[in-house]
Amino acid sequence: MKPVAFDYHRPNTIAEAVALLDDMKEEAGVLAGGMTLGPMLNMRLVRPRAVVDITRIEALRSIAIAGNTIVTGACVVQSEALRSDVVARELPLLALALPWVGHFQTRNRGTLGGSVAHADPSAEIPLALVVSGGTVVLRSRRRERRVPAGEFFLGALVTARRPDEMIVALEWPRTPADAGCAFAEIAQRHGDFAIVAAACCLRVDADGCLQALSFGLGGVESRPVALDVRRFIGKPATDVANDLPVFAAAGITPMDDRAASAEYRAALTEVLAERVFQDALSRATKRERPAA
Amino acid sequence: MSVHHKAGERVRITLNLNGQSRSGLAEPRMLLSDFLRHELQAFGVHVGCEHGVCGACTILMNGCAVRSCTQYAVQVEGADITTVEGLANPDGMNPVQRAFAKHQALQCGFCTAGILCSVAHFLRETPSPKEAEVRDMLSGHICRCTGYAAIVSAILEAAAEIRRDS
């Protein structure tokens, strides 16, 4: 399993990288950690004329706080994010999702931006971004544009990124201190593709009623989906705990494939919806944050 | 400095392998795993699946356990790389290797080279691991002989020995 022959470019700046993409458009593949593009190249599922390696562009490697937004550069390595105090404190959902991403050895190389760019339907980082209400920052030679995560993922491995664009950063709204988040998934073995993944963030008031709720699923449809759960705002959390799993399973059109039937995915959706809701509720009540 | 190589162009790559400066030729599409084996004769890098799943080709790059089959030799110019050949102490096997022998944590040994590299990084980051953490780290390696129980025991015992001696 060897890739087809390709030209190799390793730009040092974003400007150089987008100039290359402008020149080559869909003939170029953008290589970051290589945890998804690498296998696809090796299996010749993709045959780009050129590979643009962005791993040595320093400007893509920072985690920064900008007001109420946390900006993670496209080439922040997953294990760096997992060790980051800022991520643990401000983005608990991402911190809870990261241990589910691949394995120790792949997280040491795989990047946040790479996972989003690849857009596997079952990937954890895209799901966390969608449920967080985050934004993908894209740059081309001509301009920069920001696409809400909910509009970025169009289908399995298909995104709103144009061939002359690269992801430069992800923007994550800061999580309020009184919010509780949870992430869980079921896969055939740990680190394998999720059959179903679920993510939840919520806040409750002093009476135990929901002030805020976001909930989403990965691996179920061809892209990560955040369900419209506004109907539960203001309701007692104990009632929502009963209603959310059934509501979630009714609101999806699950894939039916070799990994699992649509029926099984719907069943897992109910189980995981209950699990993440209860975990998030318990963390919101205890004001618990994951450890970096 | 930005780098541009044409397809098929063999370029000289220099890196630090197991404490020595080494160099060899690679065209852009050459996997790092193939470069280490065929150009630098580091045959301890085992090649299993070639798509990042099995863990046999795991090496330490700048101290971090990573797959060598899903990156390319042209990417790693100047990197500091350790393969299983570089893990032993000057006076013999390291504590993890000794524990693997004692617990019979290998049978055919094909997965072992990669696991030993992972463990070196893992124990540096997690000197007092719980069994669940060891198993989580091992999920990135496929072993078809042992059933993992002996590997887990060996790693836990080696961790305790390293803590005692440091």
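Begin by selecting chain B of this predicted model: with 166 residues, a compact globule would have a radius of gyration near 15 Å, and chain B, at 16 Å, agrees with that expectation, the radius being taken over C-alpha atoms and the globule rule being 2.2 Å times the number of residues to the power 0.38. Residues are numbered from 1 along each chain as its sequence is written, while chains are lettered from A and ligands numbered from 1 in the order in which they are written. Because the model is predicted, local features need pLDDT of at least 70 and side-chain atom pairs count only at pLDDT 80 or more, whereas totals for chains, interfaces and linings use all residues.

**Chain B as a whole**

With the C-alpha trace of chain B displayed along its principal axes, the span is about 50 × 30 × 25 Å. Buried residues account for 45% of the 166 residues, where buried stands for 20 or more other C-beta atoms within 10 Å of the residue's own, exposed for 12 or fewer and partly exposed for anything in between, with C-beta atoms placed from the backbone. Of the contacts in chain B between residues at least 6 apart in sequence, 57% join residues at least 24 apart; a contact requires that the C-beta atoms, placed from the backbone, lie within 7 Å.

Switch to a cartoon view, and chain B shows five helices and six strands, arranged along the sequence as β-β-β-α-β-β-β-α-α-α-α. Helices (H or I, at least four residues) and strands (E, at least two) are DSSP runs numbered from the N terminus.

**The sheet of chain B**

Select next the open sheet of five strands, whose order in chain B is β3-β2-β6-β4-β5 and whose pairing is mixed; two strands pair if DSSP finds at least two bridges between them. At the edges are β3 (20-26) and β5 (64-66) of chain B, each pairing on one side only. Neighbouring strands here are turned by 40° against each other on average, direction ignored, with axes fitted as lines to C-alpha atoms (for helices over the stretch in contact) and angles running from 0 to 180 degrees between N-to-C directions.

Zoom in on strand β2 (residues 11-17) of chain B, which pairs with β3(B) in the antiparallel sense over seven bridges. Within this pair, B:Val11 has B:Ala26 of β3(B) as its bridge partner.

Helix α1 (residues 32-39) of chain B lies across β2 and β3 of chain B, at about 110° to β3(B), and helix α3 (residues 112-125) of chain B lies across β4 (59-61), β5 and β6 (80-82) of chain B, at about 145° to β5(B).

**The two domains of chain B**

Colour chain B by its domain assignment, which gives domain 1 (11-83) and domain 2 (95-165); such bounds come from an automatic or database domain assignment. The centres of these two domains of chain B, taken over C-alpha atoms, are separated by 22 Å. In the contact between them, 13 residues of domain 1 meet 12 residues of domain 2. On the domain 1 side, β4 and β5 of chain B are the elements giving two or more residues, and the residues of that side divide into seven nonpolar, six polar and no charged. Here Ala, Val, Leu, Ile, Met, Phe, Trp, Tyr, Cys and Pro count as nonpolar, Asp, Glu, Lys and Arg as charged, and the others, Gly among them, as polar.

**Where chain B meets chain A**

Now show both chains and select their contact, which takes 30 residues from chain B and 29 residues from chain A. On the side of chain B, the elements that give two or more residues are β1 (3-5), β5, α3 and α4 (131-138), and the residues of that side comprise 11 nonpolar, 14 polar and five charged. Strand β1 (residues 7-10) of chain A is joined to β1(B) by three bridges, and the two strands run antiparallel; A:Tyr8 has B:His5 as its bridge partner there.

**Across to chain A**

Colour chain A by domain 1 (1-175) and domain 2 (180-286), whose C-alpha centres lie 25 Å apart. Their contact involves 24 residues of domain 1 of chain A and 20 residues of domain 2 of chain A. On the domain 1 side, α5 (92-97), α8 (124-132) and β8 (153-155) of chain A each supply at least two residues, and α8(A) gives the most, with six residues.

As a last stop, select A:Asp23 in helix α1 (residues 14-24) of chain A, which counts as partly exposed because it has 13 C-beta neighbours inside 10 Å. The C-alpha atoms of A:Asp23 and A:Arg141 are separated by 9.7 Å, although these residues are 118 residues apart along the chain.

Terms used. Two residues are in contact if their C-beta atoms, placed from the backbone, lie within 7 Å.
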